[in-house]
Amino acid sequence: MTEHPEITYIGCARCGTQIAGLDGRYACSGCGWVNEWTEGHRPLPTAGRRPPQAALRPQRP
């Protein structure tokens with residue numbers, strides 16, 4: 001079972017605005033400050049491989 005991300009809150013390190021993030025990863029929309037991704041509370045999920053999907057063909061009237 002996969003755990004869901006937790007919403008966390010801090011004051012922006014640059015401008016002090018309260019911001020929300022997922023698992024300790026933040027980006028401030030007020031000033032553009034972003035914390036380092038490694039500062040999160042747990043590792044990021046790995047990318048899974050999806051099977052290729054068939055290309056959609058336009059239907060003719």
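## The hairpin

Which residue takes a positive phi in the hairpin of strand 1 and strand 2? In this predicted model, that residue is glycine 16, with a phi near 85°. The hairpin has 6 residues between its strands.

Strand 1 covers residues 7-11. Strand 2 covers residues 18-22. The two strands run antiparallel, and 5 bridges join them.

## The nonpolar core

Nonpolar side chains tend to be buried together in soluble globular proteins. Here, the largest nonpolar core has 5 residues. Its members are Cys12, Ile19, Tyr26, Cys28 and Trp33.

Cysteine 12 has several contacts beyond its neighbours within four places in sequence.

A disulfide is a covalent bond between the sulfur atoms of two cysteines. How many disulfides does the structure hold? The count is 0. Take cysteine 15: its nearest cysteine sulfur belongs to cysteine 28, 3.8 Å away. For cysteine 28, the nearest cysteine sulfur is that of cysteine 15. A disulfide needs the two sulfur atoms within 2.5 Å, and cysteine 15 and cysteine 28 are each in no disulfide.

Their surroundings can be compared too. Cysteine 15 has 40% relative accessibility, so it counts as partly exposed. Cysteine 28 has 5%, so it counts as buried.

## One salt bridge

The structure holds 1 salt bridge. Aspartate 23 and arginine 42 form it, with their closest N and O atoms 3.0 Å apart. This pair links distant parts of the chain, 19 residues apart. Both residues sit in the segment after strand 2.

Is aspartate 23 buried or exposed? Aspartate 23 counts as buried because its relative accessibility is 10%. Arginine 42 has a relative accessible area of 25%, so it is partly exposed.

## Asparagine 35

Asparagine 35 also lies in the segment after strand 2. Its relative accessible area is 9%, so it is buried.

What does its side chain meet? A polar atom of that side chain lies 2.9 Å from the backbone oxygen of glycine 24. The side chain also makes a polar contact of 3.3 Å with the side chain of glutamate 39. Leaving out residues up to four places away in sequence, asparagine 35 touches Gly24, Arg25 and Tyr26. Tyr26 is also one of the residues of the largest nonpolar core.

Key:
Residues are numbered from 1 along each chain as its sequence is written. This is a predicted model: local features need pLDDT of at least 70, side-chain atom pairs count only at pLDDT 80 or more; totals for chains, interfaces and linings use all residues. Side-chain values use heavy atoms; hydrogens and water are left out. Buried means under 20% relative accessible area, exposed over 50%, partly exposed in between (1.4 Å probe, protein chains only). A salt bridge is a side-chain nitrogen of Lys or Arg within 4 Å of a carboxyl oxygen of Asp or Glu. Helices (H or I, at least four residues) and strands (E, at least two) are DSSP runs, numbered from the N terminus. Two strands pair if DSSP finds at least two bridges between them. A nonpolar core is a set of buried Ala, Val, Leu, Ile, Met, Phe, Trp, Tyr and Cys residues joined through side-chain atoms within 4.5 Å. Contact means heavy atoms within 4.5 Å. A polar contact is a pair of N or O atoms within 3.5 Å; within protein, one must be able to donate a hydrogen and the other to accept it, and residues adjacent in sequence count only if both atoms are side-chain atoms.
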